[in-house]
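Notebook open, sequence and model side by side.

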Amino acid sequence: MRLIDEPHHDGSALYVSTLTPALGERVTVWARIPRAMEVTAVHVRTTYDGEPHFTAAQIDPDRTGRAIGGYGPADVWWKAEVTAHNPVTPYRFYLRRDTGKPVWLTAAGVVGHDLPDATDFRLVTHAAPPDWTGESIIYQIFPDRFARSAQAGPLDPAGLPEWALPREWDRDEVIGRGPGTAEQFFGGDLDGITEHLDHIQSLGADTVYLTPVFPARSNHRYDASTFDAVDPLLGGDEALRRLSDALHARGMRLVGDITTNHCGDAHEWFAAASSDVAAPEREMFYFDPETGDYESWCGVKSLPKLNWGSPLVHERMIATLRHWLGTLDGWRVDVANMTGRRGADEYTHEVAALLRREVAAALPEATLVAEHAHDAAGDLDRDGWHGTMNYLGFTRPVWRWLRGAELDLPDFLGVPGGVPEQDGPGTLDTVRVCGARMSWRSLTHSWQLLDSHDTARIRTVTGSREGHLVAAGLQATLPGVPMIYAGSEYGLTGWNGENARTPMPWNRPDDRDETTLEAYQALFGLRRSEPALRHGGLRWLHADADSLVFLRETASESLLVSARRAAGDPVTLPLGASVTGVHGADDLAADAAGEVTLPGDGPSLRIWRLGRAPHM
């Protein structure tokens, strides 16, 4: 697929005059159209109050014929002013030609037929996420498996609760399924994390995200027994404050994990509700009035579901979130897709908006990111979650494109039958259509992850270091917030979420792939240093079975990224000028026609810089 010849627009600053429009504000939008298309007229179709309106665009003489971003002197730039009339205002471009049928340009690409509004571009006037969240690189830690602090000493089985199954850090294998899975206890603590902040920072990461830290009866702690204290097994409240202070002293941040959908069956709220039918807490849960049974998360009885129709749930969850802010810089919301949803009950958007207002009132710079394992688009672009964990639009297509030939997983992130293979164009289609169903703002504030504590490890999925590093390169270069799962930088393996919760190999040099670590440091260091990778637009240039090529572009320069899962034919692109190698790449000269040929060997991840253009 040759995509460089297609017209282009995205929601980045290169194509939209303001990323934070106020309601009623006039906004300039640009479309970049190759001259060879011979487009004679462009209209922007907006939808105001549910009714389509068309605004004629004009050729922009200040941009047309210039090498914007170091590329495209032959392109024609069209611009129009539209109004952010509604809190979310959809828009798309209608391109007409003297020869050839007219086409629509939407966030999903160019189509020659009418289509629904789901993939329109969007102007969003709701309060924007904090600036730092779009700049960040997240490092996820499962506290029981990251590090045990020096002062804690060896794990003492006599000091553990009855439920815990003590395990030795560098000797015992992690149980991936069956008895003991949730009870195996390796003894990591919060002070152990504080002792390894140099390692985290060396990856370019500036934000630590912790899975739950509240007391519970499992190693994962999603079955909290209270939200009012930090588990003493992790060091208690003071250890969390020490970690927070140490991170803040480095200019870093700390994000917590909250279960707004449920608590544990040992939680004080549920204990009161289940012991007395007249207790105020009874309304906080879903009890069957005849049997006394209760609703739980996916039928897991240790996780009773909260009823967001209860004012008391509102009051107590708000108090919980606000209490920890300051120590924490925001929250990742566990199973946000299910929060407030049960049968006819549909409180999810109300809950998201409520929590965002309350969190912002307590700490204006706090983040609020939703876990959503499939299509999150319907829950975004409102006044609630800032973004999502983008399993659907990033993790899934990357896994399918880069899966190892010998991969044998029991399911594909919950879908039966293992991970199916997908070629480059199929991968591109998935990334495009999923990204098109949310605004650019929601996309760039969503977490892009290759793996997590709930999934197999990316090294296991790809089956090789080479494939793993192509995946990491995509994570470092595509829009969105990279989220690195602790241990993947060392090439740790695991065939499901539980099996992948391997204790960090601080004292197991044979389990550390130092080459992978160095590549992570280089890739995410580049992400940290290059504005185009953090703020630039995304323009796809080429896709075939084994390669994907795209630009991350700003007004002054662009980075060209070539990802290959296998060797294949070189790709030639009319870039108009030579390119300079930035990562894994030699400088390449343009031929007399201005075409540049990218190498065809692979697996590989290469990055080049295009020429700089005058500042706009």
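Where does Arg221 lie? I found Arg221 in the loop between strand S13 (207-210) and helix H4 (236-249); helices (H or I, at least four residues) and strands (E, at least two) are DSSP runs, numbered from the N terminus.

Before going on, I noted that this is a predicted model, where local features need pLDDT of at least 70, side-chain atom pairs count only at pLDDT 80 or more, and totals for chains, interfaces and linings use all residues. Residues are numbered from 1 along each chain as its sequence is written, and side-chain values use heavy atoms, with hydrogens and water left out.

I looked up phi for Arg221 and got a positive value near 65 degrees. Arg221 is buried, with a relative accessible area of 1% (buried is under 20%, exposed over 50%, partly exposed in between; 1.4 Å probe, protein chains only).

Next came Cys298, with a positive phi of about 50 degrees. Cys298 is exposed at 55% relative accessible area, in the loop between helix H5 (268-275) and helix H6 (311-324).

I also checked omega from Gly602 to Pro603: near 5 degrees, a cis peptide bond. Pro603 is in the loop between strands S29 (596-598) and S30 (604-609).

Then the sheet. I read an open, parallel sheet of eight strands in the order S19-S18-S15-S14-S13-S10-S23-S22 (two strands pair if DSSP finds at least two bridges between them). S19 (387-388) and S22 (447-449) are the edges, each with a single partner strand, so one side of each has no neighbour in the sheet.
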